[in-house]
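Morning, everyone. I have one model to go through, so please look at the screen.

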Amino acid sequence: MNKKQVTTEHHHFPWDHPRFRSWIAVARACQLMQQTLTRALAHLDIKPPHLDILINLYRFEGITQQELARKLLVGRSNMSMLLPQLEKRGLIERRGDERDKRILRLSLTSEGRTLTEEAMEIQTALIDKSLAADTIDECTVIAQSMERLITVLLKEDAEISEN
């Protein structure tokens, strides 16, 4: 028996796992969604991470930077790179909290609100087009499955971070 055969017999490869196809499909779908959304938003000069911020500010006016980072599952360093870009473009404002000046609250400017509404129309059309072949019930099942996956991965990430 040669060395290659011995190695192959003693290792379980990812592609041999019965759930590998699902893992790859999720990863590819996420990557393609990001690429497609990036191209669809290009004429607005924003990228998906910017859109995530803008939509959250649209929904949660006055959210803090820390709350926003937690919602988007990103670190402070990522926020500290993206927020100044949006602020410089006049799309968002950062203001001190009335009760605690150490806290910065974020909000959209009127220009930011207009751009966000236009971007949300693009994203909604893309969602409609991408998932048109699935019923609402099928979409709900997909969402529930992805939410379970997110929960498991967040827990795994936390455990890895602790070690």
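This is a predicted model: local features need pLDDT of at least 70, side-chain atom pairs count only at pLDDT 80 or more; totals for chains, interfaces and linings use all residues.

Residues are numbered from 1 along each chain as its sequence is written, and side-chain values use heavy atoms, with hydrogens and water left out.

Start with helix α3, residues 48-59, and helix α6, residues 110-131. Helices here are DSSP runs of H or I, at least four residues, numbered from the N terminus. The two pack at an angle of about 110°, with their axes 10 Å apart. Axes are lines fitted to C-alpha atoms over the stretch in contact, and angles run from 0 to 180 degrees between N-to-C directions. That makes α3 roughly perpendicular to α6, a label for angles of 65 to 115 degrees; under 35 is roughly parallel, over 145 roughly antiparallel, and the rest oblique.

Which residues of α3 meet α6? They are L51, L54, I55 and Y58, and on the α6 side they meet R113, L115, T116, E117, A119, M120 and Q123. Contact means heavy atoms within 4.5 Å. Nonpolar covers Ala, Val, Leu, Ile, Met, Phe, Trp, Tyr, Cys and Pro; charged covers Asp, Glu, Lys and Arg; the others, Gly among them, are polar.

Next, α3 against helix α4, residues 65-72: the angle is about 120° and the axes are 11 Å apart. α3 and α4 are therefore oblique to each other. Here D52, I53, N56 and L57 of α3 meet L68, K71 and L72 of α4. That contact has four nonpolar, one polar and two charged residues.

M79 sits in helix α5, residues 76-88. Is M79 buried or exposed? With a relative accessible area of 3%, M79 is buried; the cut-offs are under 20% for buried, over 50% for exposed and partly exposed in between, using a 1.4 Å probe and protein chains only. Leaving out residues up to four places away in sequence, M79 touches I53, Q65, L68, A69, L72, V74 and P84. M79 and Q65 are 14 residues apart in sequence, with their C-alphas 7.5 Å apart in space.

Last, the cysteines. The structure holds zero disulfides, a disulfide being a pair of cysteine sulfur atoms within 2.5 Å. For C30, the nearest cysteine sulfur is that of C139, 15 Å away. C30 is partly exposed at 40% relative accessibility, and C139 is partly exposed at 21%.
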